[in-house]
Amino acid sequence: ARRRELFAVRQRKAALLARMEKEGLALEAQASALEERAKKLSELLDVLYGRNPGALEGTPIQRFRGILDWPAEGKVTAGFGPRLDPRYHTRVPHNGLDIATAPQADVRAVFPGKIVYAAPFQGYGNTVVVHHPGRVFTLYAGLTDLKKGTGDMVSLGDVVGLASSSLYFEIRVENRPDDPLSWLRGSP
C-alpha cells in the first residue's frame, strides 16, 4: 500500500512538473509575441518618422507638457514601462498606457497635428498616428472605428476614432517613447 501511495505521489509530481513546463513555454511564447508586436509598431513609427522629417507649423506640443487633455475617459490599467510577469518574471516592453474605456467612447486628438497613419495594424487593431509640431507623435490603438484618415489635419479634441473597451495610447518625442502620464493633466 505504501509503494502504491508513493508511486501515485510521484505520478502527480511528474504531471505537475510537466504542466509547469508547458505553462512556462506558453508564457515565453506569449512574451515573445508581445515583444514582436512592440517591435513591429516601433518599426512602423520609424518609417513614419523618416517620411515626416520636417517640423509642422505651429506651437510645439512640448510647451503643453503636463496639461494635455486625456485622449479618452477611463482608467489606466497598464502604465508606461516594461511589464514584469509576477509568476515567471518575464519582461515585456510597454511604451504607452492602456486605458479601460466605455465601448464606443470617443477618442480625441490631444493636440493639433496631421494624421500620418490611420488603418488596422497587426496586433493593435485600428490605429491612428498623429504628427504634431515639435516632432512628436501620438498613437491611438485598439479603435473599433476610425473617424479620420491619413493626411487629415486634426484640431485639439477632434475625434479620431471610437474605442473598443480599451485604448492603447503612446507618445513619442523625436521617435523615442515617452511616458504619457508626464504629458497629461490629472486623471482621465
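A salt bridge is a side-chain nitrogen of Lys or Arg within 4 Å of a carboxyl oxygen of Asp or Glu. The model is predicted: local features need pLDDT of at least 70, side-chain atom pairs count only at pLDDT 80 or more, and totals for chains, interfaces and linings use all residues. Residues are numbered from 1 along each chain as its sequence is written, and side-chain values use heavy atoms, leaving out hydrogens and water.

**Exercise 1. Find the partner of Arg 65 in a salt bridge, and say which parts the pair ties together.**

Step 1. A search of the whole structure gives 7 salt bridges.
Step 2. One of them joins the side chains of Arg 65 and Asp 178, at 2.7 Å from N to O.
Step 3. Arg 65 sits in the loop between H1 and strand E1 (75-78), and Asp 178 in strand E11 (residues 176-178), so the bridge ties together parts 113 residues apart in sequence. Helices (H or I, at least four residues) and strands (E, at least two) are DSSP runs, numbered from the N terminus.
Step 4. Check accessibility. Arg 65 is partly exposed, at 38%. Buried means under 20% relative accessible area, exposed over 50%, and partly exposed in between (1.4 Å probe, protein chains only).

**Exercise 2. In the salt bridge between Glu 174 and Arg 135, is each residue buried, partly exposed or exposed?**

Step 1. The closest N and O atoms of the pair are 3.7 Å apart.
Step 2. Glu 174 lies in the loop between E10 and E11, and Arg 135 in the loop between E7 and E8; the pair therefore ties together parts 39 residues apart in sequence.
Step 3. Glu 174 has a relative accessible area of 34% and is partly exposed. Arg 135, at 14%, is buried.
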